[in-house]
Amino acid sequence: VASCSLLLFTWGFDMGQSTRCVPIPHQMSVCQDVGYSEMRLPNFLGHSSLEGEVVPRSEDWRPLLQTGCHPHAQAFLCSLIAPICLDTFIQPCRSLCVAVRDSCAPVLACQGHIWPEALDCDRFPAQEDMCLTPHPKHSNSHLAKALPQPACQACPSVEEHPTLKTVLDALCQDDFAVTAKLSRRRRPSGVPEFEVEGRVEFIRQGPLLPYDTQYLLQQWLLINLRCANTLVRPGRAQLYLLTGAVQPEGTLALTRLFPWHKKDHSIAVATRKWKHHKC
């Protein structure tokens, strides 16, 4: 999970102090594609050392940004960590902070952290003439709202070596059932990264869409990091039969996970039987 230093940011920037412009370092990957190549030091969080503060602190935010919790989360955070080098200081607008906070704070909480005091939205300008504002993406916004969205949830039950009846009951009672191989690898920084390897196979499609489901499951893992840590061991991949439902508000909830080992004949028999006979 993200470093606890995420909670220790303090608002240490003085608008009257002298600053300098430096290239955004290549190892600062979370802010590599923000549309500009130079940043101010110290930044708006009071960090003045690239190697000692800026780069490692930027990595603290990777697990949150990977979830895609808000389309402007990267722009907001990088405007503070790596502020653009212009003739004047450009802070994020309060409206941008509020939009990102409202979407991302619940995800941050799911990962075991609170929204840092340094990112209190009241600190940022309310007038939107000289600050960074959110620019709504109109294209495909209606489609995005119609798709199921992953959300923080209590960890679903994991059932080892289930009986045939247990699997059939899950296939009948839940909205969807898929098989997916979940894997975990360690990044050089030590932050675990979870992936859905290969294709997701549908047993019961329900409200899910074929082109969206692999991404949806991967985002679920990144949001529910504590659950993901218990599901997949480092350096290993595990095939699962996953069942779940889409809630009335459009969020996806996984209900039951069955690790599919080679000796689990009941899962193979249940999926074949369900395909031929349904419920």
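Start with the cysteines: a search of the whole structure finds 7 disulfides, each a pair of cysteine sulfur atoms within 2.5 Å. This is a predicted model, in which local features need pLDDT of at least 70 and side-chain atom pairs count only at pLDDT 80 or more, while totals for chains, interfaces and linings use all residues. Residues are numbered from 1 along each chain as its sequence is written, and side-chain values use heavy atoms, with hydrogens and water left out.

**Stop 1**

Select cysteine 69 and cysteine 104. Their sulfur atoms are 2.0 Å apart in a disulfide. The link is right-handed, with 90° about the S-S bond. It connects distant parts of the chain: cysteine 69 is in the loop between α2 and α3, cysteine 104 is in helix α4, and 35 residues separate them. Helices (H or I, at least four residues) and strands (E, at least two) are DSSP runs, numbered from the N terminus. Both cysteines of this pair are buried. Buried means under 20% relative accessible area, exposed over 50%, and partly exposed in between (1.4 Å probe, protein chains only).

Next, select cysteine 97 and cysteine 121. A disulfide joins them, S to S 2.1 Å. Its torsion about the S-S bond is about -80°, so this disulfide is left-handed. Cysteine 97 belongs to helix α4 and cysteine 121 to the loop between α4 and β4, so the pair ties together parts 24 residues apart in sequence. Cysteine 97 is buried at 0% relative accessibility; cysteine 121 is buried at 2%.

Now pick cysteine 155 and cysteine 227, another disulfide, S to S 2.0 Å. The torsion here is about -100°, so the link is left-handed. Cysteine 155 sits in the loop between β5 (149-150) and β6 (157-158), and cysteine 227 in helix α8; the two are 72 residues apart in sequence. Cysteine 155 is partly exposed, at 47%. Cysteine 227 is buried, at 4%.

**Stop 2: helix α4**

Select residues 94-110, which are α4. This helix has 17 residues and reaches 24 Å from its first C-alpha to its last, close to the 24 Å expected at 1.5 Å a residue (1.5 Å times one less than the number of residues). Look for a bend of about 40° at cysteine 104, with proline 106 following within four residues. The bend is the angle between axes fitted to the seven residues ending there and the seven starting there. Buried residues of α4 include Leu96, Val100 and Val107. Among the elements covering the buried residues are α3, α7 (210-223) and α8 (225-231). Just after α4, glycine 112 takes a positive phi of about 95°.

**Stop 3: the cores**

The largest nonpolar core has 35 residues; Met28, Met39, Phe76 and Leu119 touch the most other members. Such a core is a set of buried Ala, Val, Leu, Ile, Met, Phe, Trp, Tyr and Cys residues joined through side-chain atoms within 4.5 Å. Its largest share, 7 residues, comes from α4. A second, separate core of 22 residues includes Val178, Phe194, Cys227 and Leu257.

**Stop 4: salt bridges**

The whole structure has 6 salt bridges, each a side-chain nitrogen of Lys or Arg within 4 Å of a carboxyl oxygen of Asp or Glu. Select aspartate 60 and arginine 57: their closest N and O atoms are 2.8 Å apart. They are 3 residues apart in helix α1, about one helical turn. Aspartate 60 is buried, at 7%, whereas arginine 57 is partly exposed, at 22%.

Finish at glutamate 195 and arginine 185, which meet in a salt bridge of 3.4 Å, N to O. Glutamate 195 lies in strand β8 (residues 192-204) and arginine 185 in strand β7 (residues 176-186).

Conventions:
Contact = heavy atoms within 4.5 Å.
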